[in-house]
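Have a look at the fold, then read on.

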Amino acid sequence: IDECVTGVALCAHQCLNTHGSYQCLCNAGYELGAEGKQCYRIEMEIVNSCETRNGGCSHLCQHTSAGPACGCNFGYSLDEDQKTCIDTNECNTGSHCCQQGCYNYPGGYECVCYAGYQLNPAGCGCDDLDECSANNGGCEHFCRNLVGSFVCGCRMGFKLDEDRRSCLHLEEATEAVDGQRPVIRPLPHVALFHDGLTPFFDDEYEDEEMEGAEARGEYTVSEKF
């Protein structure tokens, strides 16, 4: 009896008649179940090419049918071998946003500013730093902010010391002469003179003569050794 013809076999795919019996067969990609009649799809084991040593990639690995596809983190780019990741120097390539200075580091960069400026919140531009707003810029008397800098000033009767911040009273200011002995330079004084060197406060002078009087400034420098 041909069980395959009579339908006794009930094979899911194919039936092979044998002497005194029969055998069920399955199409390609299927395998016969334990009951000997049903066919089940063969689940092919998918091997992830990135599981072993990250597929040979330095940073990122994505499994594809053709094998591992490597990628890099931000700030890096693939080298010629398409596996190794090398740092991208944004400061050299010009892909940075810095207004003044640029400092590159592995995987990124940072903007820096010149002296007298500070980095703005956006992290790219540089704004003027008001040095006078903090501790008067270190100036003893006055501080004037400039773009990218500042200068100190002194009240009348004083002058800046060599440190350009402290103020010295002019009557007490000393300067070195030939790097050895000091020279004392006092304040200028004002004297009143009249034409002809006649004493100014003379009772014989009339009012119109008083109008001819003039005040002249005389600067006297005395040196004491």
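Predicted model: local features only at pLDDT ≥ 70, side-chain atom pairs only at ≥ 80, totals over all residues.

Residues are numbered from 1 along each chain as its sequence is written, and side-chain values use heavy atoms, with hydrogens and water left out.

**The overall picture**

The secondary structure comes to three helices and 20 strands. Both are DSSP runs numbered from the N terminus, with helices (H or I) of at least four residues and strands (E) of at least two. Of the 225 residues in the protein, 20% are buried. Here buried means under 20% relative accessible area, exposed means over 50%, and partly exposed is in between (1.4 Å probe, protein chains only). Among contacts between residues at least 6 apart in sequence, 17% join residues at least 24 apart; a contact means heavy atoms within 4.5 Å. The protein exposes about 16300 Å², and carbon and sulfur atoms supply 51% of that. Those areas come from the Shrake-Rupley method with a 1.4 Å probe, and for residues only the protein chains shown count as cover.

**The disulfides**

How many disulfides does the structure hold? There are 13 disulfides, each being a pair of cysteine sulfur atoms within 2.5 Å. Among them are these:

| Disulfide | S to S | Torsion about the S-S bond |
|---|---|---|
| Cys 11 to Cys 24 | 1.7 Å | about -80° |
| Cys 91 to Cys 102 | 1.9 Å | about -70° |
| Cys 97 to Cys 124 | 1.9 Å | -75° |

Take the link of Cys 11 and Cys 24: with a torsion of about -80°, the disulfide is left-handed. Cys 11 sits in the loop between helix H1 (3-6) and strand S1 (14-18), and Cys 24 in strand S2 (residues 21-25), so the pair ties together parts 13 residues apart in sequence. Cys 11 counts as buried at 18% relative accessibility, and Cys 24 is buried at 4%.

The disulfide of Cys 91 and Cys 102 is left-handed too, with about -70°. The pair links Cys 91 in helix H2 (residues 90-93) to Cys 102 in strand S9 (residues 101-105), eleven residues apart. Cys 102 counts as partly exposed, at 25% relative accessibility.

Cys 97 and Cys 124 also form a left-handed link. Cys 97 lies in the loop between H2 and S9, while Cys 124 is in the loop between strand S11 (117-119) and strand S12 (126-128), so parts 27 residues apart in sequence are tied together. Cys 97 is partly exposed, with a relative accessible area of 35%.

Gln 100 is found in the loop between H2 and S9. Is Gln 100 buried or exposed? At 19% relative accessibility, Gln 100 counts as buried. A polar atom of the Gln 100 side chain lies 2.7 Å from the backbone nitrogen of Tyr 114. Leaving aside neighbours within four places in sequence, Gln 100 is in contact with Val 112, Cys 113, Tyr 114, Tyr 117 and Cys 126.

Tyr 103 is found in strand S9 and is partly exposed, with a relative accessible area of 48%.

Technical notes. Polar contact = N/O pair within 3.5 Å; in protein donor to acceptor, adjacent residues only side chain to side chain.
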